[in-house]
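Trainee: I would like to learn how to read a fold from its coordinates. Please start with the overall layout and then go down to single residues.

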Amino acid sequence: MKSLKNWDNKTWLSSKNYINSFNSFILKNTKLNKNSKILDIGCGRGKIIGNLSSRLNLANKPIGVDIENHKDRSKKILYKQTSGLLFISKTKITFDLILIKQTIHLLKKSQLKKFILLCKSKLNPNGKILILSLDPNKNEIPTFTLMHNKLKKSLRKDKQIFDLIIGIFPNLLTKYFIFNVKIKKNKYLIMIRNRYISTLLGFTDKQIDNGLNEINDRYKKELIFKDRLICFIIDK
């Protein structure tokens, strides 16, 4: 997987409103309780499942897997610095929820089927896998031209991944999580500088600088848009 350190660091993705809203979405689409076992693959700092653990008063700390060693990760999770595929291949634990949020596109297509089938094999009887990614059909994230073109290309590839997932699990359920974002342009420019989304990882500093200038000229002082995720729900 590519290295992505800043996707949930000081963005709307780490805000209390976002985390509470997202966890309400999870609870609405699962049957979790205080005895549930939860795995978050690509957990970042683990703030989402840390918050979920508090809401459910979980008897077992949720497990978060990420390739980055985030220093400010949640103390409410058991953190494993490894790849999702390696962890799910070796663990003997079974789960009531396996969350894969905005990381599935970082896997190689050759690994995808094996990975998802392994995840399914590690579900408890009423367990669910939730796979979330940017909605490729209704994306409103503010971009500069180079970023827009690369993101558009990436979303086309994502649709191929989605088709593969649907081909493996034709009876899966599709839902959408939508969060209304309001953010100051200056703060968003910092996010761009920090390469908060995987689309930005391959850009040079000069390309980022040009993009910052473009966004500064194109957008007003406050950005308002919808962060829209598609969610595939796979049952045991």
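Trainee: In what order do the elements of the protein chain run from the N terminus on?

Mentor: Helices (H or I, at least four residues) and strands (E, at least two) are DSSP runs, numbered from the N terminus. Here the order is α-β-α-β-β-α-β-α-β-α-β-α-α-β, which comes to seven helices and seven strands. This is a predicted model, where local features need pLDDT of at least 70 and side-chain atom pairs count only at pLDDT 80 or more, while totals for chains, interfaces and linings use all residues. Residues are numbered from 1 along each chain as its sequence is written, and side-chain values use heavy atoms, with hydrogens and water left out.

Trainee: What percentage of the 236 residues count as buried?

Mentor: Buried means under 20% relative accessible area, exposed over 50%, and partly exposed in between (1.4 Å probe, protein chains only). In the protein chain, 51% of the 236 residues are buried.

Trainee: Is R228 buried or exposed, and which residues does R228 touch?

Mentor: R228 lies in strand 7 (residues 222-235) and counts as buried, because its relative accessibility is 18%. Contact means heavy atoms within 4.5 Å. Not counting residues up to four places away in sequence, R228 touches S133, L134, D135, K138, Y176, F177 and I178. A polar contact is a pair of N or O atoms within 3.5 Å; within protein, one must be able to donate a hydrogen and the other to accept it, and residues adjacent in sequence count only if both atoms are side-chain atoms. The side chains of R228 and D135 form one of 2.5 Å.

Trainee: Where is the place of T94, and with which side chain does the side chain of T94 make a polar contact?

Mentor: T94 sits in the loop between helix 3 (84-90) and strand 4 (95-101). At 32% relative accessibility, T94 is partly exposed. Its side chain makes a polar contact of 2.5 Å with the side chain of N124. T94 and N124 are 30 residues apart in sequence, with their C-alpha atoms 5.7 Å apart in space. Leaving aside neighbours within four places in sequence, T94 also has K37, K122 and L123 among its contacts.
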